[in-house]
Amino acid sequence: MKTRTPRAKIIKKPKKFFKKKPNLENYEKTYRKFKWRDVYKEVAWLGHRLNVAYAAMDCHVNTWRKNKVALYWEGVEKSKEFTFVQISELSNKFANILKSLGVKKGDRVFIFLPRIPALYISFLGILKLGAVAGTMFAAFGPSGIKDRLQDSAAKVVITDDTLKKRIYKVKRELPDLKHIIVVGRASGKEINYEKEMARASEKFRIVKTKQTDDAFMLYTSGTTGKPKGVVHAHKALIQEHMTAKWVLDLHGDDVYWCTADPGWVTGVAYGILGCWSNGTSSVVYEGRFNPEKWYSIIEKYNVTVWYTAPTAIRMLMAAGDHLVKKYDLSSLRHMCSVGEPLNPEAVRWSLKVFGVPFHDNWWQTETGGILIANYPCMPIKPGSMGKPLPGIKAAIVDDNGRKLRVGKEGNLVIKPAWPSMMKKIWKRPKKYKSYFVGNWYMSGDLAFMDKDGYFWFVGRADDIIKTSGERVGPFEVESALVEHAAVVEAGVIGKPDPLRGEIIKAFVVLRKDYKKSEKLKNDLRQFVKKHLAGHAYPREIDFVDSLPKTRSGKVVRRLLKKLVVGEKLGDVSTLANPESIKEIKKLLQK
Ligand code: ATP
Ligand code: MG
């Protein structure tokens with residue numbers, strides 16, 4: 001494998017960025033002295049028991065934060081505020097409804113709702129009862145719903161009067177599903193959320209769960225195959241609390257906006273739990289991505305800390321700098337990104353237009369919390385994911401688990417266990433076991449570490465392109481393409497080739513003001529050749545309107561490859577834009 005010495009220009013952070021003293025002031029020193037025990041002490045316990053809903057919400061009710069706003073909800077048609085005590089009482093009510101339905105500790109209760117307050121209230125209510133909370137994107141169709149409710153044997157699902165139809169399409173195949181709670185108009189045997197909430201008691205004694213009891217489950221994004229039901233224990237909160245404090249740098253007076261939907265792990269760990277356990281006010285926007293609307297939310301609520309994903313950042317870049325100038329975004333003091341590799345260009349752009357850079361961080365559904373990050377106190381090397389959290393030992397190893405030298409590409413692994421490490425994969429013990437090789441947790445991602453201890457993402461192990469005896473990660477080719485003025489984003493794969501093993505093929509989305517042409521394809525090839533390496537340029541380029549993406553916004557290279565090779569596509573339930581598949585199929589038939 002290649003040895004790499006990245007020559008990234010380190011980004012110096014402007015003074016504005018340090019409006020506040022970072023919670024983590026000295027990374028190296030903290031890393032050396034760190035003990036998990038200290039963080040365990042920081043989180044609120046119920047006697048000697050730990051319950052996520054208590055530690056994230058109810059613990060604030062007996063403090064000065066009682067009447068502080070916990071949730072600024074920006075709906076599509078209206079907006080509303082909820083204080084910590086209000087969310088606490090409303091989630092008590094929901095726990096009482098579930099109790100009256102006979103839901104017991106350990107039962108699975110799934111939420112199938114848009115980002116409305118009931119989603120956040122019911123999530124905590126489920127945990128208060130000791131039941132296991134599961135979430136699903138509101139955009140899922142019947143087959144995605146069936147897979148998850150069937151696999152988890154969910155007993156109750158909470159949905160709304162528009163979405164419920166999709167559950168009925170598959171209800172006959174869900175023998176374990178006993179109750180459907182409906183926000184809005186309910187009929188027949190359904191339970192009406194508003195009616196039951198109105199009469200339920202706002203007092204509830206939280207079930208004293210052990211820190212190792214199941215708390216919530218999330219299906220992975222399904223980028224590499226069928227989504228897996230990853231189960232997290234209550235102690236996952238320990239890590240989510242600490243990382244929200246050190247990586248997101250949440251302070252008492254911050255207004256924080258996590259754009260992720262709770263159907264994805266980021267929306268749960270950092271859109272509900274880590275922010276609230278730190279007592280921070282959080283913004284939730286019900287609607288879809290729209291650059292103007294997003295900027296107007298930052299302006300309206302004076303958002304200070306913003307956590308989003310590369311796909312959104314690339315779309316904001318494409319929407320143009322003039323839009324940014326239309327809004328007063330001066331409240332922003334810290335910004336983070338997760339989910340996909342963050343192109344260096346996006347880091348530089350954010351510093352230019354917002355005056356503060358995006359800080360990339362890396363983690364997975366299975367890891368339950370951030371493990372590698374760029375911290376406020378540390379210089380950023382654009383393109384790098386940063387350094388492992390205090391308490392986390394990360395390394396690069398070969399396929400047999402042997403550690404590799406600095407600069408060598410290999411498997412990114414973590415030393416087990418950390419508090420938010422998945423507890424199990426639902427009904428798939430063998431799959432769970434397969435993550436652990438030797439003394440390591442195998443992430444399935446390839447990376448390398450530089451001499452300063454920064455980690456650099458290369459690609460998912462399955463996405464690596466082998467061309468003319470060289471291994472090329474799609475990310476670096478995509479990032480080189482994104483640096484070209486004409487390109488919004490790109491998906492790069494290896495296309496089988498009799499001569500070279502594979503050749504690099506790129507699917508490219510252009511900015512609106514650029515025309516598709518053979519000349520532009522040539523320009524792009526030359527551009528990548530010049531900026532990256534002679535062998536790592538895309539020999540084939542196709543222009544497309546959109547790339548297939550998961551609901552969590554990840555480019556699904558697996559599908560691009562299958563389309564090119566002509567294989568069956570397999571599970572596509574998590575796809576956000578099926579029309580992109582149609583477009584590419586048509587294009588490839590030509
Ligand atoms: P599945 O496991 O079902 O294929 P998935 O891996 O996309 O789906 P998630 O757990 O949502 O599901 O995503 C984790 C993955 O996202 C990581 O393994 C990595 O490939 C990618 N990722 C997350 N953050 C970053 C980052 N900062 N840089 C590069 N890649 C990232
Ligand atoms: Mg994965």
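Author: An axis is a line fitted to C-alpha atoms, for helices over the stretch in contact, and angles run from 0 to 180 degrees between N-to-C directions. Helices and strands are DSSP runs (H or I, at least four residues, for helices; E, at least two, for strands), numbered from the N terminus. This is a predicted model, in which local features need pLDDT of at least 70 and side-chain atom pairs count only at pLDDT 80 or more, while totals for chains, interfaces and linings use all residues. Residues are numbered from 1 along each chain as its sequence is written, chains are lettered from A and ligands numbered from 1 in the order in which they are written, and side-chain values use heavy atoms, with hydrogens and water left out.

Reader: How are helices α12 and α14 oriented to each other?
Author: Helix α12 (residues 310–319) packs against helix α14 (residues 344–354) with the axes 10 Å apart and at an angle of about 60 degrees. Angles under 35 degrees count as roughly parallel, over 145 as roughly antiparallel, 65 to 115 as roughly perpendicular, and the rest as oblique. The orientation of α12 and α14 is therefore oblique.

Reader: Which residues of α14 make the contact with α12?
Author: Contact means heavy atoms within 4.5 Å. On the side of α12 the contact is made by I313, L316 and M317, and on the side of α14 by E345, A346 and W349.

Reader: Which residues of α5 meet α4?
Author: The axes of helix α4 (residues 84–100) and α5 come within 7 Å and cross at roughly 60 degrees, which means that α4 is oblique to α5. From α4 the contact involves I87, S88, L90, S91, N92, F94, A95 and L98, and from α5 it involves I121, S122, L124, G125, I126 and K128.

Reader: How far apart are the closest N and O atoms of E42 and K245?
Author: A salt bridge is a side-chain nitrogen of Lys or Arg within 4 Å of a carboxyl oxygen of Asp or Glu, and by this rule the count comes to 40 salt bridges. One of these joins E42 to K245, with the closest N and O atoms separated by 2.9 Å.

Reader: How many residues apart are E42 and K245, which link distant parts of the chain?
Author: E42 lies in helix α2 (residues 36–42) and K245 in helix α9 (residues 236–246).

Reader: Is E74, the salt-bridge partner of K300, buried or exposed?
Author: K300 and E74 have their closest N and O atoms 2.8 Å apart, and the pair links helix α11 (residues 291–301) with strand β1 (residues 69–74), 226 residues apart. Buried means under 20% relative accessible area, exposed over 50%, and partly exposed in between (1.4 Å probe, protein chains only). K300, at 47% relative accessibility, counts as partly exposed. E74 has a relative accessible area of 7% and is therefore buried.

Reader: What distance separates the closest N and O atoms of D261 and R115?
Author: Both D261 and R115 are buried. The salt bridge between D261 and R115 has its closest N and O atoms at 2.7 Å.

Reader: Which residues does L446 contact beyond its neighbours within four places in sequence?
Author: L446 belongs to strand β21 (residues 440–449) and, with a relative accessible area of 4%, is buried. The C-alpha atom of L446 is separated by 8.2 Å from that of I396, 50 residues apart along the chain. Leaving aside its neighbours within four places in sequence, L446 is in contact with G410, N411, W456, F457, V458, G459, A461, I464 and R471.
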